[in-house]
Amino acid sequence: MKRSREKPGFSVGICGPTGSGKTAIGCTAPGQLWIQTESNGLGTIHEWAEEVGEVENLADLLVETPSEIPVVIPIFPGKHKQESRDLQSMLKSLDEAVLFIRNNAAEIKRMGRKTVILDSLTDVNQRVIDLEGNDAGDQIPMASWQRIKVRTLRVVEALRSVVSSGLDLIIIFGLQE
C-alpha cells in the first residue's frame, strides 16, 4: 500500500449565536483563506488584520501574498430573498471556488495558505430556504425541505474534499436562540 506524502487536513465547525465571536475565532487560524458568503464577517476580519486581500477572480489565489494577510473570496450576491438565478449563481461560485482550491491546493499551501474558512454555512442555508419559501409566510412543504438539505449538504461535501488535499477547513454556522 502506497502512503500519501500529504497529510490530510482537519475540519471543524464553529457554531454559536450572532455576535458570539465565531468569525473572530476563525481570524486566529494560520494562513486564512476565507470563502465569505455574507458581508457582515468582513468587518470582523478587518478588525483582526491590518491588511486583508480580496480576490477579484480565482486566479488571484495563486498570486504570492504574505501568509499573515487573510485572503477573502467574496461570494455574497445581494440581500436575502434571492431570486433563483442569484442562488444558483452563489452555489456555482461556491463550487468553482472549492474546485479551484482543491485543484491548486499544493500551490496554495506552498504560498502559506493553510486554513480554508466558510463564513457562513448558515447564510448559504438561509438563502436556500428563502428560495423554497414564499412571501406569504406559508409553511415549507416536506419535499422542499429535502431539496434544502441536498443543496446545503452539497456545499459541505465539496468543502470536505479540500481537507483531503491537505488544507485545514473551518465551517462557521450560527445557532438560533
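Predicted model: local features only at pLDDT ≥ 70, side-chain atom pairs only at ≥ 80, totals over all residues.
1. Six strands form an open sheet in the order 1-6-5-2-4-3, and their pairing is parallel. Strand 1 (11–16) and strand 3 are the edge strands. Each has a single partner strand, so one side of each has no neighbour in the sheet. As background, strands of a sheet pair through backbone hydrogen bonds, in either a parallel or an antiparallel sense.

2. The mean pLDDT of the chain is 85. A value of 70 or more is reached by 88% of the residues. One stretch needs care when you read it: over residues 79–83 the pLDDT is below 50. In the model, this stretch has 12 contacts beyond near neighbours in sequence.

3. Next, the order of elements. The chain has six helices and six strands. Along the sequence they follow the pattern β-α-β-α-β-β-α-α-β-α-α-β. Compare that with the order inside the sheet, 1-6-5-2-4-3. Contacts across the sequence matter for reading the fold. Take those in the chain between residues at least 6 apart in sequence: 75% of them join residues at least 24 apart.

4. Look at the strand pairs one by one. Strand 1 and strand 6 run parallel and are joined by six bridges. Here Val12 has Ile170 of strand 6 as its bridge partner. Strand 2 pairs with strand 4 over four bridges, again in the parallel sense. Glu54 stands opposite Val72 in strand 4.

5. Which residues have the most contacts inside the largest nonpolar core? They are Ile35, Ile73 and Ile101, in a core of 33 residues. At least two core residues come from each of these elements: strand 2 (32–36), strand 4 (71–74), helix 3 (84–103), helix 4 (105–110), strand 5 (115–119), helix 5 (121–132), helix 6 (142–164) and strand 6 (168–174). Helix 3 gives the largest share, eight residues. Another core lies apart from this one; it has 12 residues, among them Ala29, Ile45, Val72 and Ile170. In soluble globular proteins, nonpolar side chains tend to be buried together.

6. Leaving out residues up to four places away in sequence, Ile35 touches several others, including Ile73, Leu94, Val98, Ile101, Val116 and Leu159. Asp119 is also one of the residues it touches.

7. Where is Ser120 placed? It sits in the loop between strand 5 and helix 5. Ser120 counts as buried because its relative accessible area is 9%, and the cut-off is under 20%. Apart from neighbours within four places in sequence, Ser120 is in contact with Thr37, Glu38 and Ile172. Thr37 is 83 residues away along the chain, yet the C-alpha atoms of Ser120 and Thr37 are separated by 6.0 Å.

8. Finally, surface and cysteines. Of the 177 residues, 44% count as buried. The accessible surface of the chain is about 10,200 Å², and 51% of it belongs to carbon and sulfur atoms. The structure holds zero disulfides. Cys15 is partly exposed, with a relative accessible area of 42%. Cys27 is buried, at 10%.

Technical notes
Residues numbered from 1 in each chain as written. Heavy atoms only, no water. Buried < 20%, exposed > 50% of the residue type's maximum accessible area, 1.4 Å probe, protein only. Contact = heavy atoms within 4.5 Å. Areas by Shrake-Rupley, 256 points an atom, 1.4 Å probe, with all protein chains shown as cover. Disulfide = S-S within 2.5 Å. Core = buried A, V, L, I, M, F, W, Y, C linked by side-chain atoms within 4.5 Å. pLDDT = per-residue confidence, 0-100. Pairing = 2+ DSSP bridges.
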